[in-house]
Amino acid sequence: MERIRQGVLVLPGDVIGVEEEYFPGQGVYVNGKGYLRSQLIGRVLIDIVKRTINVRNIHGKPYVPKAGDIVEGIVSSVSEDLAFIDIYAIEEKPTRTTSFTGILHVSQASSEYIETMYDAMRIGDIVRARVINSNHPFQLTTKEPRLGVIAAFCTKCGSLLRKQDDKLVCPICGNVEKRKVSASYVFR
Ligand SMILES: [Zn+2]
């Protein structure tokens, strides 16, 4: 599986993928040799759980996260206590213009005790989280079973890790890694 390019601005007719990679979703048509193309001016939103690619139009009011929303994003940095997440979708709608920053504290990462954020997520992982407050920067929690990492990449070779029981295992190099894994993890 390739690294996704969430939030890219596309025009009608632009090729955004191929049928072998994704199912066509909203705002997407299949043309020619299995190419997936955009029907409109909008931003790409890939649902990596359902393997569906969508284009959402960029008209209308920007949607800003608020307390209680489920957001999805890419982990941009991790320290012992904190993770920073670039939010690219809110309640399954893509963010427009720039993305929002979410902050996750280690005490909010898991319902079980974890010593350090490095046991919950790593840079480049894709995370689903719930927003706790309604101002920027947004505080997040991933304690619920369906929240947490939905796609994680091997820190040694970069491959998408596979979920096996409670662990994540690299199918290429065999490396075993720890995360706060969501019930919606994509590769098992
Ligand atoms: Zn590996």
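Domain bounds in these legends come from an automatic or database domain assignment.

**View 1. The two assigned domains of the predicted model.** The domain assignment divides the protein into domain 1, covering residues 9-57, and domain 2, covering residues 70-177. Taken over C-alpha atoms, the centres of the two domains are separated by 25 Å. At the contact between them, 7 residues of domain 1 meet 13 residues of domain 2.

**View 2. A nonpolar surface patch formed by Leu9, Leu11 and Ile41.** Together these three residues have about 270 Å² of accessible area. Leu11 sits in the loop that runs between strand E1 (9-10) and strand E2 (15-18).

**View 3. Surroundings of Arg122.** Arg122 is located in the loop between strand E11 (100-105) and strand E12 (126-131). With a relative accessible area of 30%, Arg122 is partly exposed. When neighbours within four places in sequence are left aside, the residues in contact with Arg122 are Val75, Val78, Thr155 and Arg179.

**View 4. The side chain of Arg122 and the backbone of Tyr118.** The Arg122 side chain reaches the backbone oxygen of Tyr118 at a distance of 3.0 Å.

**View 5. Arg122 and Ser159.** In sequence, Arg122 and Ser159 are 37 residues apart. In space, their C-alpha atoms are 13 Å apart.

Methods
Residues are numbered from 1 along each chain as its sequence is written. This is a predicted model: local features need pLDDT of at least 70, side-chain atom pairs count only at pLDDT 80 or more; totals for chains, interfaces and linings use all residues. Side-chain values use heavy atoms; hydrogens and water are left out. Patches are made of residues with over 30% relative accessible area and no salt bridge: like charges are joined within 9 Å, nonpolar side chains (Val, Leu, Ile, Met, Phe, Trp, Tyr) within 5 Å. Accessible areas come from the Shrake-Rupley method with a 1.4 Å probe; for residues, only the protein chains shown count as cover. A salt bridge is a side-chain nitrogen of Lys or Arg within 4 Å of a carboxyl oxygen of Asp or Glu. Helices (H or I, at least four residues) and strands (E, at least two) are DSSP runs, numbered from the N terminus. Buried means under 20% relative accessible area, exposed over 50%, partly exposed in between (1.4 Å probe, protein chains only). Contact means heavy atoms within 4.5 Å. A polar contact is a pair of N or O atoms within 3.5 Å; within protein, one must be able to donate a hydrogen and the other to accept it, and residues adjacent in sequence count only if both atoms are side-chain atoms.
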